[in-house]
Amino acid sequence: YYGLLGVPRNADEKAIRKAFKKLTLKYHPDKVKDNKEEAEQNFMKIANAYEVLMDKDKRAIYDRYGEEGLKESQQQQQQQHSHTNFDDVFSNFFGGGRQRFFQQGGRNFEFHFGGQGFQKQPQEEPKTPPMFEKTDVLELEMSNINQLFRREEVWIVLFYGKNCKQCEEIKETWIELANKLYGIIKLAAVNCDEDEELCEEFDVYNTGTIVYFPDNTASSHEKYTGERSYKAIADFAVSKMQSFVRYVNKNNFEEFYHSYPSKLKVVLFTQKKATPPLLKALSKQFKDKVLFGEVRQSEAELVERFHVENFPTIMALKNENQGEAYKGEVKKDFLEKWVREMAYSTGSQKPTAREYTRNAFISGKCNKSDPNYCVIWFVEEPTQEVKNTLQKLAEVFEKDPVDFYWLDKRKYSSFAEEFEGEVVIYRAKRKKYSTINCSDESCIIDHVSNILSGGGAFKKLDVFPEPIELKPEL
């Protein structure tokens, strides 16, 4: 047991407790993501060793008779309790665990396994009182460390201690940052006098240190060395956020609207050039359900189309010409609720056949990054009959990995010349296509169904064709 914890046989309770906390961080399953099962087993071993060595009676028996003598003593006392679940054991030691958080857990009490079960014993008064109680700053400690290990947003953490002038100087700034960036970036603090092991875990040996943790838990943390002002820290944190917001203008609006038909489209009409951190946060949170876009005030055509009069305006699009504007407070909780309600009430877009253009290619349609099939109808002038047929086909194959387009072969002649036939089904990712030798709806349905089922004859292309518009000669 002494070897498991890495302490000598004459170690006092303080040394045993310190060793146990360090090993708990080492084997925390939320940190050791590549082998959680092994991490949990290791934690159980050190927890058992800690239980014994922190109990005077059990430690005396273990020191004299070893593990077998301890087991025999426990059997004689008919102690039935056993703890084989990480959540339960972690919760009882630190008052938290992976599912429950108790604020008093790491600060007011420490838990030991006693002779009749768990015994809660008062701790000594803290060396340094918590600096950020009753604020939006999270006091990070052993009881809630799993929140950091499971983070999905950027964290900025201040490591503080007693007689730290830098900490006192930045305290109000830290509270203001936590308040203004609430729900967007997490501001936390670690009391190094109370949780020295946490500070050492993140290579912090001087109080007043600020550490940045990226939203991707696989990436390493780093120390912040910039100015310690509100603006500098906020700008740094926002610059580290992931963003899934698209810049939308009149040239790519159609592709933006028609891409990912199952996703709601939410657009911010704005005067500013920089993407607001709130929009970045929402774009990541809802990336599987909502596609966010950003339209500048200078895009007069789109501003007029959606009757936008005030900036900023946030709008959920109902179709290509109408949207519903958000009218509440611009705060994370309210916007999050509105976006969620809109996403689940609007429903999926109806699949649409449309013209294949250079913008469609650039946005990823029918190029080598597109996993879908593309049915392309080459025309000189798209008739309503062609558009109607393609639209019906798009609805028939709504749930299949195939998109439907017409292409102006006069405008994109070099692209059209790479293919044989008037209608083709093209698999750009594989650089191959199949000619559809008919133009009526039922025949095309049969051909596409055959291809999707694994049949059909394909021709290989020598190059990846790009739709480059032919400019008229002057």
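**A walk through the predicted model**

Let's start with K134, which is exposed, at a relative accessible area of 91%. Exposed means over 50% relative accessible area, buried means under 20%, and partly exposed lies in between, using a 1.4 Å probe and protein chains only.

A word on the basis. This is a predicted model, where local features need pLDDT of at least 70, side-chain atom pairs count only at pLDDT 80 or more, and totals for chains, interfaces and linings use all residues. Residues are numbered from 1 along each chain as its sequence is written, and side-chain values use heavy atoms, with hydrogens and water left out.

Back to K134. It sits in the loop between β2 (117–122) and β3 (138–139). Helices (H or I, at least four residues) and strands (E, at least two) are DSSP runs, numbered from the N terminus. K134 is not a glycine, yet its phi is positive, about 60°.

H307 shows a positive phi too, about 55°, and is not a glycine. Its place is the loop between α12 and β11. H307 is exposed, with 66% relative accessibility. That loop between α12 (300–305) and β11 (313–317) also holds P312. The peptide bond from F311 to P312 is cis, with omega near -5°.

One more loop residue. K327 lies between β12 and α13 (332–346). It is exposed, at a relative accessible area of 78%. K327 and T313 are 14 residues apart in sequence, and their C-alpha atoms are 8.7 Å apart in space.

Now the open sheet. It has 5 strands, in the order β8-β10-β9-β11-β12, with mixed pairing. At the edges are β8 (245–247) and β12 (323–325), each pairing on one side only. On average, neighbouring strands here are turned by 30° against each other, direction ignored. Two strands pair if DSSP finds at least two bridges between them. β8 and β10 (residues 290–296) run parallel, joined by 3 bridges. R246 stands opposite G293 in β10.

What lies across β8, β9 and β10? Helix α11 (residues 277–285) does, running at about 155° to β10. For such angles, axes are lines fitted to C-alpha atoms, for helices over the stretch in contact, and angles run from 0 to 180 degrees between N-to-C directions. Contact means heavy atoms within 4.5 Å.

Next, strand β15. Why is strand β15 (residues 402–408) largely enclosed by the rest of the structure? Because 7 of its 7 residues are buried. V402, F404, W406 and D408 point one way, while D403, Y405 and L407 point the other. In a regular strand, side chains alternate between the two faces of the sheet.

β15 has parallel partners. Strand β14 (residues 373–379) pairs with β15 over 7 bridges. There, I376 is the bridge partner of Y405. Strand β13 (residues 354–355) joins β15 through 2 bridges. E355 stands opposite W406. β14, helix α15 (residues 384–396) and β15 make a right-handed β-α-β unit. Right-handed means that, with the strands pointing away from the viewer, the path from the first strand over the helix to the second runs clockwise.

Last, the core. The largest nonpolar core has 46 residues, and I156, W174, I185, F292 and W338 touch the most other members. A nonpolar core is a set of buried Ala, Val, Leu, Ile, Met, Phe, Trp, Tyr and Cys residues joined through side-chain atoms within 4.5 Å. Leaving out residues up to four places away in sequence, I185 touches V154, I156, A237, V238 and M241.
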